[in-house]
Amino acid sequence: MSNPLIGQTLGKYKITEKIGRGGMAEVYKAYQENLDRFVAVKVMHPFLIDHEEENFLRRFSREAKAMASLNHPNIVRVYDFDSFGSRNHFIVMDYLGGSLKDHLEKLAAVGKRMSVADSIKLITKVADALAYAHRREMVHRDIKPANILLDEQREPFLTDFGIVKMVGGQTMGFTATGALIGTPAYMSPEQALGQKGDKRSDLYSLGIMLFQMVTGKLPFDADTPLAVAMKHVSEQVPLPISFNPDVPLALQAVILQALAKEPNERYQ
């Protein structure tokens, strides 16, 4: 089925191809002629405008403002937030070639995984970006490889603050339907139990991501998303060294502390 946005121009941005899709928006590569550059345009699903139970347009606007307020070398920059017609609302961001998820899947397809050295280098930069957001009282709540974009040099950039929570303030992305917030494979035990989570929940998700990078595996797997979420609550985390004997014991200790079931036992 052809996409009606391909070839259209939204404001200054000519849509060239679709590069991603999420629950609230689709992401496109677009060309900005006046600056001779490609950008990523995140277009909110038009049907959400009519959704009365949650104000998704307000949520989308908050994401744009949250990201635009952040200035860090490893956080995706937002250039614009605009609308075209009554139903096309969009955020304009840096265009980067792919995601950490894409990279991990390509490695797995040929039986490989990231080296320990490359994993540490990348996770350190993502952790620094996350710490920067945390210092500004923002909790991301959906840390996962799909939300880490990579440029041509594989420099990581944290993105997708669509369900960010402002600590001590209003929650961005509260679901009136009671749906779980986050992605089950990377979800902290408290999020799996329906709690909002805090900065330590982000650190848990970061730990899951590091586990996957150095082992090529996720610690928990099951037939349904809910079953995966419940494993985060009830099952012991397997030792990374059992999947990859090259993982240093000191790094394994870091991962296991990040993945403690109780938030108070994680890094604070």
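Which residue in β2 does Leu10 stand opposite? I looked this up to begin with. Leu10 stands opposite Tyr13. I note that the model is predicted.

**Entry 1**

I followed the chain from β1 into β2. The two strands pair in the antiparallel sense, over 2 bridges. Strand β2 covers residues 13–21. The hairpin of β1 and β2 has 2 residues between the strands. I checked Gly11 in this hairpin and found a positive phi near 65°.

Next I went from β2 to β3. A hairpin of 3 residues joins them. Their antiparallel pairing runs over 7 bridges.

**Entry 1: the whole sheet**

I wrote down the strand order as β1-β2-β3-β4-β6-β5. The sheet is open, has 6 strands and shows antiparallel pairing. Which strands stand at the edges? I found β1 (9–10) and β5 (78–84) there. Each has a single partner strand, so one side of each is left without a neighbour in the sheet.

I then looked at β5 and β6. They run antiparallel and are joined by 6 bridges. Strand β6 spans residues 88–94. Ser83 has His89 in β6 as its bridge partner.

I also looked for a helix on the sheet. Helix α1 (residues 56–68) lies across β3 (25–32), β4 (37–44), β5 and β6. Its direction is at about 20° to β6.

**Entry 2: two helices**

I turned to α5 and α7. Two packed helices are described by the angle between their axes and the distance between the axes. For α5 and α7 I noted an angle of about 140° and axes 8 Å apart. Their crossing is left-handed.

Which residues meet here? From α5 I listed Leu203, Tyr204, Gly207, Leu210, Phe211 and Val214. They meet Leu251, Ile255 and Ala258 in α7. The contact divides into 8 nonpolar residues, 1 polar and no charged.

I looked up the second largest pocket. About 360 Å³ of space lies in it. Of the 18 residues that line this pocket, the closest to its centre are Ala127, Leu203, Leu206, Val254 and Tyr267.

Which helix gives the largest share of the lining? I found α3, with 7 residues. Helices α3 (116–135), α5 (199–215) and α7 (249–258) each supply at least two lining residues. I sorted the lining by type: 13 nonpolar, 4 polar and 1 charged.

Conventions. Residues are numbered from 1 along each chain as its sequence is written. This is a predicted model: local features need pLDDT of at least 70, side-chain atom pairs count only at pLDDT 80 or more; totals for chains, interfaces and linings use all residues. Side-chain values use heavy atoms; hydrogens and water are left out. On a 1 Å grid over the protein atoms alone, a cavity is a set of points where a 1.4 Å probe fits but cannot get out, and a pocket is an open set with protein on both sides within 12 Å along at least five of seven lines; lining residues have an atom within 4 Å of a point. Grid points are joined across faces, edges and corners, and a volume is the space filled by probe spheres set on the points. Helices (H or I, at least four residues) and strands (E, at least two) are DSSP runs, numbered from the N terminus. Ala, Val, Leu, Ile, Met, Phe, Trp, Tyr, Cys and Pro count as nonpolar, Asp, Glu, Lys and Arg as charged, and the others, Gly among them, as polar. Two strands pair if DSSP finds at least two bridges between them. Contact means heavy atoms within 4.5 Å. Axes are lines fitted to C-alpha atoms, for helices over the stretch in contact, and angles run from 0 to 180 degrees between N-to-C directions. A crossing is left-handed if the near helix is turned anticlockwise from the far one by less than a right angle, and right-handed if clockwise.
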